[in-house]
Amino acid sequence: MKKIMLLDCTLRDGGYVNDWNFGHNNLVSIFERLAEAMVDIIEIGFLDERRNFDPNRSIMPDTDCVSKIYGRLDRKNSMVVGMIDYGTCSLSNIRPCEDSYLDGIRVIFKKHLRKPALEFCAELKKLGYKVFAQLVSVTSYTDEEILDLISIANEVKPYAVSMVDTYGLMHQNNLNHYFRLLDENLCPQINLGYHAHNNFQMGYANCIAMLANSTKRNIIVDGSLYGMGKSAGNAPVELIAMHINHSYGHRYHISQLLEAIDSNISQFYTSATWGYNMFYYLAASNDCHPNYVSYLTEKRTLSVKSVNELLGRLEGEKKLLFDKKYIELLYLQYLDNEVNDTQTVSELEAILSGRPLMIIGPGSSVRSEKAAVDKYISANSPVIISINYIPDNIRPDYVFVSNSKRYVQMATELANSQFTIIATSNVTSYKGSFDYIVNVSPLLDLDAEIIDNSLTMLLRLLIKTNIKDAALAGFDGYSKVVENYAHPVMEYSFAKEKADYLNKYTTDFIGSIKDKMTLSFVTKSRYACGGSYEQV
């Protein structure tokens, strides 16, 4: 009859959240509570020779350091294991098992490294350790690649082979497919494990499905306290323990796990939230590396629909192997939605020429210096263009839309109030078509860190329409301290992080076009070069 074993990986996988800096007292307390809870296997952290020893962190350069933190603790009946990401800790840093506090070592590796990684596992086994072969991103393996791995594993005979759902892509159908493939072909004495991630909120459900499989082989399921772990987190160990108690008659002490969550884990949650969210859903639903999602969302210009469409363009092996140059190219190709805007530019030139022009941005000065804005409008009766923003109490003649995310935020108000819209070709209207559409490509600065600065994009367009003068209001520049936008909902965290860069870039651009266009500032602005641009 199969034996079920519960493995807790909080001190290892949970460390991705806090750079493994749990604090020494927390490391000890978590370990002791897991042992008291009768958890079968406790993973105490990473062995990584690139990191110096720190008694507060669960990432250590060698096995001697494991003893320095945990060596005097009573493990009860728990097996104690560490993890090595293959290639980050050499055999010279591993003492024989009889001289180590560890009973076992888990080795995690990507599929193209399976042969040398399993050879490394064989060497660890010679040192007396129970060795776990951890298959990173098991869903990226073809059946043929799984069978090849099995043939190597059957020669090495590790203690366990574990399916690692690195990006949380598994549902029960493919979980059971990989399970059967491994169960039917691995040597009977090799245990079979499963490590879930929660991108699809399937971690706990998949663990239940894993345990329900009919097999004579021993089964190991991983979890962490409160689901603490990388990206969307893991299956919560307290839930798995509860299920095993109820369904298989085990006697894990759930109260000890809950005490550990309350005393040792919850303090990390508010500062570095983990768990299911839309970000990791997007990655999992597109079978791709989460870094692709973060790259695109950090652009702050793409709607979720646009991000999803771009992720859908990822192909083959590139999906799960993050390639920044590859996604940059796809992003630029996505933006390059060419239209013939010759007629549009001519129409805009005819409409805008011969009248004063005022451009309104979303800076807080639109509110704080409202009297100056109203005075300018009253005196000059300008054509008013707002950028990715609808100002309060001022109806613009045109709204320039270059940012898909901002467009989604404004779409209902834009439609209901029937504003005239000038849109760049990368923005898709959710209803009908825009009044004016201009090519986005000539308005971008591909050499800039942020290529689609909305103000400089509009100014490039106005130069194309031969506009020579414009007044600016609500372009305050960026502050690292105070709110940067008239509406707090528009605030981006990156605006404060990149404040100096954004201010310098925009100021330099304004200086570079002064022979083509004269700009005056109705409200105070960091772009005004200390007063070298006239304050109206």
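## Second largest pocket

Two or more lining residues of the second largest pocket come from each of α1 (10–13), β4 (79–85), β5 (104–109), α11 (278–285) and α12 (290–297). The largest contribution is that of α12, with three residues. The model described here is predicted.

The second largest pocket holds about 670 Å³ of space. Its lining has 33 residues, and Tyr16, Asp85, Lys110, Thr166 and Lys230 are the closest to the pocket centre. By residue type, the lining of the second largest pocket consists of 18 nonpolar, eight polar and seven charged residues.

## Overall chain

The protein chain contains 21 helices and 16 strands. The C-alpha trace of the protein chain extends over about 85 × 45 × 45 Å along its principal axes. Of the 536 residues in the protein chain, 57% are buried.

Taking contacts in the protein chain between residues at least 6 apart in sequence, 70% are between residues at least 24 apart.

## Helix α6

Helix α6 covers residues 143–156, which makes 14 residues. The distance from the first C-alpha of α6 to the last is 20 Å, close to the 20 Å expected at 1.5 Å a residue. Just after α6, Lys157 has a positive phi of about 55 degrees.

The buried residues of α6 are Glu145, Ile146, Leu149, Ile150, Ile152, Ala153, Asn154 and Val156. An α-helix has 3.6 residues a turn, so residues three or four places apart point the same way. The elements that cover the buried residues of α6 include β5, α5 (114–126), β6 (130–135), β7 (160–164) and α7 (172–185).

## Ile150 within α6

Ile150 is part of helix α6. The relative accessible area of Ile150 is 3%, so this residue counts as buried, the cut-off being under 20%.

Which residues is Ile150 in contact with, leaving aside its neighbours within four places in sequence? They are Leu181, Leu182, Asn185 and Leu186. A separation of 8.7 Å is found between the C-alpha atoms of Ile150 and Cys187, which are 37 residues apart along the chain.

## Helix α14

Helix α14 is made up of 12 residues, 324–335. Its end C-alpha atoms lie 16 Å apart, and this agrees with expectation because 12 residues at 1.5 Å a residue should span 16 Å. At the start of α14, the backbone nitrogen of Lys325 has a side-chain oxygen of Asp323 within 3.1 Å.

Buried residues in α14 are Tyr326, Ile327, Leu330, Tyr331, Tyr334 and Leu335. Their cover includes α12 and α13 (304–311). Helix α12 also contributes three residues to the lining of the second largest pocket.

## Asn199

Asn199 sits in the loop between β8 (191–195) and α8 (203–212). Is Asn199 buried or exposed? With a relative accessible area of 0%, Asn199 is buried. A polar atom of the Asn199 side chain is 3.3 Å from the backbone oxygen of Tyr167.

Notes: Residues numbered from 1 in each chain as written. Predicted model: local features only at pLDDT ≥ 70, side-chain atom pairs only at ≥ 80, totals over all residues. Heavy atoms only, no water. Helix = DSSP H or I, 4+ residues; strand = E, 2+ residues; numbered from the N terminus. Buried < 20%, exposed > 50% of the residue type's maximum accessible area, 1.4 Å probe, protein only. Polar contact = N/O pair within 3.5 Å; in protein donor to acceptor, adjacent residues only side chain to side chain. 1 Å grid on protein atoms, 1.4 Å probe; cavity = no way out; pocket = protein on both sides within 12 Å on 5 of 7 lines; lining within 4 Å. Points joined across faces, edges and corners; volume = space filled by probe spheres on them. Nonpolar A, V, L, I, M, F, W, Y, C, P; charged D, E, K, R; others polar. Expected span 1.5 Å × (residues − 1). Contact = heavy atoms within 4.5 Å.
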